[in-house]
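Please keep the structure open while reading.

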Amino acid sequence: MNSIVKPVVVSEIIAAYIKYITAFHKHTKRAPEYFKARDWDGVQLNHRQRLRLYKDCVNEVVDTCKEKYGDFLEDRVFWMEVKQSFSNEINQRTDKELAESFYNSVIRKAVAHLSIDEELMFVIEGYDSCEIHPQEPLFYNYPPHWGVQKIIRKILEDFDFQAPYYQKEKDVQFLVRSIREVILTRYKVDENTTTQVLKQVFYRNKAAYLIGRTFLGRKWMPFIIPFMHGPQGVFVDTLIFDPNLMSAIFSYTRSYFMVETEIPSQIVAFLNSVITHKKVFELYNAIGFNKHGKTEFYRDYLNHLKTSDDQFVVAPGIKGMVMTVFTLPSYNMVFKVIKDNFDPPKNMTRQEVKEKYRLVSLHDRVGRMADTHEFEYFQIPLERVHPDLIKELRNTVNSLVEIKEDMLIIKHLYTEKRLTPLNMYLETCTLEDAKIVVEEYGNAILQLAKANIFPGDMMTKNFGVTRQKRVIFYDYDEIEFLTRMNFREKPKPVTFAQIYASEPWYDIAKNDVFTEDFRRFMIGRVDVKPHFLEFHELLFDPNHWKEIQKRIEQGELIHAFPYPEYMRFRPDEEV
């Protein structure tokens with residue numbers, strides 16, 4: 001009977017994967033149409049629908065297998081044979097690494113309490129085992145003898161967005177001037193110079209991005225050209241050469257791109273050549289394959305364990321009331337586990353916290369919220385865990401901790417990029433850097449508001465600082481949609497009883513927010529607080545928050561530019 005069921009199960013999983021990847025590409029192919037039509041509601045809905053596909057397809061095939069073949073699903077030998085057959089069936093696919101991750105998701109759902117198991121799952125395969133395909137068909141080539149003007153005109157001709165163009169000749173001159181000022185003042189064009197631009201356009205929110213590179217000065221110089229589609233037509237917004245800004249565009253704090261990818265590993269390889277300090281898992285995340293990004297992260301984690309010997313420790317900083325957080329000092333990630341019991345005044349459930357994290361995973365993160373990966377039955381070698389961390393885990397998350405032989409197993413956790421907590425950063429940084437990050441802190445809160453997110457707990461300990469001094473929010477247990485909040489001015493006391501009342505004498509609803517109170521707790525550092533209060537005066541004005549609410553309620557998608565406003569060729573142009 002096993003020999004009959006095995007190929008059927010393999011076929012079921014492959015059919016489910018094909019259903020997923022076909023729908024994924026279908027949603028992705030809609031992005032140019034939404035950009036052409038300026039249908040920003042459609043952009044957001046399409047993004048959320050694509051994110052839900054994976055889980056829906058995995059759950060559907062798992063339910064089918066449990067119903068039809070439940071007796072076989074706990075049989076280890078059965079799964080070993082299924083894995084081998086599945087591997088043989090997908091071996092010629094150009095996206096086989098994604099299919100392997102899909103298979104891993106299915107078996108993890110189908111077999112209860114299954115930790116990573118190399119005999120049953122694809123643990124070390126993936127990107128590194130993908131066939132290396134020639135890159136030439138990926139991009140347009142522009143020879144140096146054409147000159148800058150002709151190359152730019154040809155690029156704009158090659159990428160026709162099927163919509164009216166706004167001031168095309170002006171865009172040509174903007175781009176030519178930028179190239180001459182930034183590049184040609186430092187490097188000389190020779191016979192080896194060439195320019196390549198990926199044929200695939202990267203869509204996200206209201207923007208479309210071209211990714212390219214120029215061989216100049218005996219090295220490849222990457223660049224990005226963002227396009228916008230405003231009321232008057234399509235236009236080039238800026239030209240980006242700065243590697244830090246390019247990295248920020250592909251950041252873990254931003255929503256995934258919509259980009260057509262027939263051979264995902266090929267696109268990732270090209271991106272890896274131009275955005276060199278991004279890891280493979282980050283690039284898979286960026287192009288929408290976040291579940292495979294999770295798999296590649298785990299491989300990166302396993303490789304790091306092999307090349308390091310330090311121990312996991314409790315993360316530095318103020319301990320959270322909802323999460324226990326730990327880290328491996330040599331690895332740029334943190335691991336977050338929901339506590340068994342929350343410290344007062346938190347009164348939510350573990351499931352409610354999970355829902356907040358799920359909300360963030362489906363929402364536009366506008367460069368201000370860290371992406372997370374969710375794991376079950378995560379394994380850590382016991383010898384790599386500091387005794388103080390074991391004690392902390394036993395005290396705070398004991399129900400989620402299990403020790404099996406030489407492994408610490410955590411039944412549920414989230415991983416995030418490690419950042420320096422803002423409160424800790426402010427304790428030691430210079431006044432100049434303090435001014436930069438408190439400005440960033442306020443910018444982060446207001447940009448989240450424009451994305452319809454109210455952080456809830458806005459203490460500086462819940463924000464982190466990146467290496468570019470960008471401030472990111474990472475504590476999601478109290479977030480709410482901004483449109484659900486009620487921003488109020490505090491009533492002024494009139495009577496003696498009101499003036500000296502020990503408790504508020506006015507009614508306060510759960511969703512009431514008194515923005516003037518922000519002044520008291522937002523920044524504690526004395527020498528920089530006046531600068532913060534002056535720079536972000538609008539933060540304390542309830543009418544400003546209400547105006548943002550009104551724009552959102554009227555259906556406006558407020559675009560978050562992933563580069564400074566001053567870089568825009570037309571900084572006042574409406575998008």
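## Terms and basis of the model

A cavity, on a 1 Å grid over the protein atoms alone, is a set of points where a 1.4 Å probe fits but cannot get out, whereas a pocket is an open set with protein on both sides within 12 Å along at least five of seven lines; a residue belongs to the lining if it has an atom within 4 Å of a point. Grid points are joined across faces, edges and corners, and a volume is the space filled by probe spheres set on the points. Rolling a probe the size of a water molecule over the atoms shows where empty space is left.

This is a predicted model, in which local features need pLDDT of at least 70 and side-chain atom pairs count only at pLDDT 80 or more, while totals for chains, interfaces and linings use all residues. Residues are numbered from 1 along each chain as its sequence is written, and side-chain values use heavy atoms, with hydrogens and water left out. Helices (H or I, at least four residues) and strands (E, at least two) are DSSP runs, numbered from the N terminus.

## Cavities

By this rule there are three cavities of 30 Å³ or more. The largest cavity holds about 100 Å³ of space, and its lining includes Tyr 252, Phe 281, Glu 282, Asn 285, Asp 371 and His 373. Helix H10 (280-286) and strand S14 (413-417) each supply at least two residues of this lining. For the classes, Ala, Val, Leu, Ile, Met, Phe, Trp, Tyr, Cys and Pro count as nonpolar, Asp, Glu, Lys and Arg as charged, and the others, Gly among them, as polar; the lining of the largest cavity then divides into three nonpolar, four polar and four charged residues.

The second largest cavity has a volume of about 70 Å³. Of the 13 residues that line the second largest cavity, Phe 250, Ser 251, Tyr 252, Glu 282 and Ala 286 lie nearest its centre. H10 gives the most to this lining, with three residues, and the lining as a whole has five nonpolar, three polar and five charged residues.

## The second largest pocket

The second largest pocket has a volume of about 1,100 Å³. Its lining comprises 38 residues, and those nearest the centre are Glu 478, Met 485, Lys 510, Asn 511 and Asp 512. Helix H12, helix H16 (496-499), strand S21 (512-514) and helix H17 (518-521) each contribute at least two residues to the lining, which by class has 20 nonpolar, four polar and 14 charged residues.

## Helix H3 against helix H12

The axes of helix H3 (residues 40-69) and helix H12 (residues 350-362) come within 9 Å and cross at roughly 125°. Axes are lines fitted to C-alpha atoms, for helices over the stretch in contact, and angles run from 0 to 180 degrees between N-to-C directions. Angles under 35 degrees count as roughly parallel, over 145 as roughly antiparallel, 65 to 115 as roughly perpendicular and the rest as oblique; H3 and H12 are therefore oblique to each other.

In this contact (heavy atoms within 4.5 Å), His 47, Arg 48, Leu 51, Arg 52 and Lys 55 in H3 meet Arg 358, Ser 361 and Leu 362 in H12. By class, the contact of H3 with H12 has two nonpolar, two polar and four charged residues.

## Two open sheets

Strands pair if DSSP finds at least two bridges between them. Three strands form an open antiparallel sheet in the order S11-S13-S12. Strand S11 (378-381) and S12 stand at the edges, each with a single partner strand, so one side of each is left without a neighbour in the sheet. The twist averages 25° from one strand to the next. S12 (residues 401-404) and S13 (residues 407-410) pair over four bridges in the antiparallel sense, with Leu 408 in S13 as the bridge partner of Ile 403 and Met 407 in S13 as that of Lys 404.

Another open sheet has three strands in the order S15-S17-S18, with antiparallel pairing. Its edge strands are S15 (420-421) and S18 (471-473), each of which pairs on one side only. Two bridges join S15 to S17 (residues 463-465), and Thr 420 stands opposite Val 465 in S17. Helix H15 (residues 431-450) lies across S17 and S18, running at about 40° to S18.

## Backbone points to check

Most residues other than glycine have a negative phi, and most peptide bonds are trans. Asn 205 has a positive phi of about 50° although it is not a glycine, and Asn 205 is found in the loop between strand S3 (202-204) and strand S4 (207-216). In the hairpin of S12 and S13, which has two residues between the strands, Glu 405 in the turn has a positive phi of about 55°. The peptide bond from Pro 344 to Pro 345 is cis, with omega near 5°, and Pro 345 is found in the loop between strand S9 (333-338) and H12.
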